[in-house]
Amino acid sequence: MQSNDPTASTGTQGPGGQGDATGVELEALKARIAELEVTNVELRDTVLREKAEIENQRRRLHRDVEQARRFANEKLLNELLPIYDGLERGLEVEGGDVASVREGIALTLKSLLKIAENNGLVQVDPVGQPLDPEKHHAVSMVEAPGAAPNTVVNVLQKGYVLNDRLLRPALVAVAKE
């Protein structure tokens, strides 16, 4: 009669028998398990180090973004300081005629506009141009002999474009039809 028990031995155990083969196989499996456990520990350490490095990078990036946000206007403000100094010096002058004060204000305005242009700000001064509702806001229509209908004849307040994006529309008076 034949046994279906896989643990039951089917022959005699002796040198070179199945018992020795099972023992060698068992030792090989134990060695493989030990090897895999070492690999597992190494991989766990690698994952933990990588996770810590990613967390450190995230913190550095967050700090750098915060610094960039806090000091984003540093260049612009640095360029504006001479304008500020010039205005302060102009206020300290006790005497002087209106012409020299006007000239000082004109130079200060010119410097300020130059700094604004260097930072992407462009004035919208549409006198003589057709009304563009994308860039102009018509506040009145006036009689303007010689001007084409819907043409800007007077700018009440200049508009500004920052890097091709409308910052403020120009307030204008338009010629009647």
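User: What pLDDT does the chain average, and what share of the residues score at least 70?

Analyst: pLDDT is the predictor's confidence in each residue, from 0 to 100. In this predicted model the chain averages 87, and 89% of the residues score at least 70. Local features need pLDDT of at least 70 and side-chain atom pairs 80 or more, whereas totals for chains, interfaces and linings use all residues. Residues are numbered from 1 along each chain as its sequence is written, and side-chain values use heavy atoms, without hydrogens and water.

User: Where does pLDDT stay under 50?

Analyst: Over residues 6-14, for which the model has four contacts (heavy atoms within 4.5 Å) beyond four places in sequence.

User: At what angle do helix 2 and helix 3 pack?

Analyst: Helices are DSSP runs (H or I, at least four residues), numbered from the N terminus. Axes are lines fitted to C-alpha atoms over the stretch in contact, with angles from 0 to 180 degrees between N-to-C directions. Here the angle is about 175°, and the axes lie 10 Å apart. Helix 2 is therefore roughly antiparallel to helix 3 (over 145 degrees; under 35 is roughly parallel, 65 to 115 roughly perpendicular, the rest oblique).

User: Which residues of helix 2 and helix 3 meet?

Analyst: L76, E79, L80, I83 and L87 from helix 2 meet T108, S111, L112 and I115 from helix 3. By class, this contact has six nonpolar residues, two polar and one charged.

Conventions
Helices (H or I, at least four residues) and strands (E, at least two) are DSSP runs, numbered from the N terminus. Ala, Val, Leu, Ile, Met, Phe, Trp, Tyr, Cys and Pro count as nonpolar, Asp, Glu, Lys and Arg as charged, and the others, Gly among them, as polar.
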